[in-house]
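I set out to look up a few things in this model and to keep the notes in the order in which I followed them.

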Amino acid sequence: MTAGSLSVVKARPAVKQDRPCFHVAPPKGWLNDPNGPLYYAGYYHMFYQHVPEGCIWSFGLVWGHAVSRDLVTWEHLPPAIVPTPGGLDADGCFSGCATLDENGIPTLLYTGVRLRSNDAAGPLPPPECDLQLPFVESQCAVRPVDPSDPKLTHWTKIEYPWMALPPANWGLGGWRDPYVFSRPGENGSDCWSLIIGSGVKDDGGTVLVYKSKELLDGWQLHGELCHGRGEGATTGFIWECPLLAKLPALLPHIARGGVASHISAATASASGSGSLEDTPHFFCISPDACTNPSYYWLGRYDSESMTFDLKNADGPYRLDLGDILYAPNTLDDKLNGRMLLWGWNQEKRTKVDAYDYAGCLSVPRILWAEPSTSSAATSSTSDSTSAAPSRWSLHQQPVPELSKLRNTDPSACWRLSDDLPDQSAELLILGSARLPLPVVSGPFLDIELVMERADSGCSASGLLLTSTTAEGGAALLYHWDSGVLEVVFEALDPHTLTFSLAAPGARRVGGPLLRPPAPGRPLSLRVLLDYSCLEVFTGDGEVLTARVYRGVPSAADVAGGLTGFGAPSAAGIDIISVKDVNADGNAGATRILHCEAYQMTPAFPVFPSAINDDEAALAAEPIQLPAFGAPIAVTAEAL
């Protein structure tokens, strides 16, 4: 077989959909934080912050609502919560969580806000509880109109706030985003426990912890779960959307999202040896604003003192190496014995009026803890290295259900193993060469890639994402010496007007892996490209999420109707090997051990029309309730 063999086929029509198709997003409008993921009566429920009309954040946020039976195919429903004019949430229904009450009835807890300037929304808090923000925060709740409806289509508000005021005289800079982390009967507890995000003005973030015998009444402040006072410049002044969850420990045979771990076999055999009792708690915050990364720590939660030992915890680490994920939320998926996480994948476009949507949720990630393979842990917020090794590592992988969306028709998928001779198990890309990804086309792709450095002359390996416009191109690269995984943007050579890794002014998003492959070991990647939304998972559980606005590749435009091994890529994606500038001769090769690529099908088969006025009114109406082998050399086009 030769790298240049081609076959002539009928050109496929260009994909016209210019927005993500397999991530949760509303049909139109603005989306931000995921709220209250819930499993109930055979359905997964996902709620999210939503501005139905407009593509920028504004007051008047509602809770969008979608349901799924399998976490990957979804159906839009009417908003679950909308502001009530003159109410405590008159100017927005901010973030929160979902739980089942003492009787198993779903309940959504959220922060309602009213602007200080909104005279119709009631009096201001007493001075000792007035945070002097532009808006006033109250803790509110809704319940389903018909709990027998498994889709929980319509919701109605509890008439009173279950917590009306923040603690007095604390000098707080915020009081929002309730998150229930324990209920009566769990871990020997006889009460409900929740946390609320906050911060001490001009000092640092804090998380308040409350407890109550009843879900919707009787909440008492216990104190601080933990705080970052004095560290505001490092970890933020307001800790939004706090999370606290006990991580499970998964055995090595559990699916890792389609790619194998790149740690050694000896280490992998030891993973999962810890029991659930030994695993750490996952504590996560999103500081100040969505321009910052979300941070997490792994450590010990003391149920007696209701505190998280932040001082002795491992962290803070960035939850994602990219620049768009913020405000994650979790679901304890007891049905499948796993912890799931979603985050808000922001847009990075600058032309707001050029599109009718903004934002999507990340694909659901499985979280688990494994015994650390690193000799030491490096905090994401500093260059220092901790004196003692981390005992546990956080692993994140996409749910295996995501593979259901793969199109396995031969015209829509490609496997490297199918194109290699029987005696060969790998492929070699020579230095400064590129291998176009064959067969697959369009902007919605799922790619598995396992690669290793073939010689010391190779400085980096990865994927080149070409664009219909030169400015939209990007490169996903792993640098073998530094251990940095990054996406390189805006790398336009001013002389040739083509994409160049050496272009001045290139923008880079990413960072060093906490668990890079050891020298001589391969790197495993799972690359999810959903139009502009790029999510990259390493085989050892780290993630980089970014936006790449490269347009919609056309098979006719890119490949001219030619497909096959070595043909121009109809998807506009090349596997590349970057040669060190000081390397000689044929050095700089990358060895490809495994590669599969699939076109993806939509998560929402049909976009519904907007809800009618009656449905909107029903969602806003309160109800009175009681209080409760041999390599093959590829010498393709040089970079």
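**Notebook entries**

Entry 1, a sheet. I began with a single bridge in this predicted model, and found that K211 has Q220, in strand 13, as its bridge partner. I then looked up how strand 12, which covers residues 204-212, is joined to strand 13, and found 6 bridges between the two, with the strands running antiparallel. Widening the view, I noted an open sheet of 4 strands in the order 10-11-12-13, with antiparallel pairing. Strand 10 (172-182) and strand 13 (220-227) each have a single partner strand and stand at the edges, so one side of each is left without a neighbour in the sheet. For the twist I wrote down an average of 25° from one strand to the next.

I asked myself which residues of the largest nonpolar core touch the most other members. They are F22, W74, L109 and L194, in a core that counts 65 residues. This core takes at least three residues from domain 1 (29-259 + 276-373 + 390-394) and at least three from domain 2 (408-599). I also recorded a second, separate core of 42 residues, with V439, C458, L463 and V527 among its members.

Leaving aside residues up to four places away in sequence, I listed what W74 touches: V24, Y44, M46, A66, V67, S68, A603, F604 and P605. From that list I picked V67, which lies in strand 4, residues 62-68. Is V67 buried or exposed? Its relative accessible area is 2%, and because buried means under 20%, V67 counts as buried. With the same exclusion of residues up to four places away in sequence, V67 touches Y43, Y44, H45, T73, W74, E75, L77 and K151. I also checked V67 against F47, and found the two 20 residues apart in sequence and 8.8 Å apart in space, taken C-alpha to C-alpha.

How many disulfides does the structure hold? I found 0 disulfides. For the record, a disulfide is a covalent bond between the sulfur atoms of two cysteines. I then looked up the accessibility of two cysteines: C55 has a relative accessibility of 12% and counts as buried, and C97, at 4% relative accessibility, counts as buried too.

Terms used. Residues numbered from 1 in each chain as written. Predicted model: local features only at pLDDT ≥ 70, side-chain atom pairs only at ≥ 80, totals over all residues. Heavy atoms only, no water. Pairing = 2+ DSSP bridges. Axes fitted to C-alpha atoms, helices over the stretch in contact; angles between N-to-C directions. Core = buried A, V, L, I, M, F, W, Y, C linked by side-chain atoms within 4.5 Å. Buried < 20%, exposed > 50% of the residue type's maximum accessible area, 1.4 Å probe, protein only. Domains from an automatic or database assignment. Contact = heavy atoms within 4.5 Å. Disulfide = S-S within 2.5 Å.
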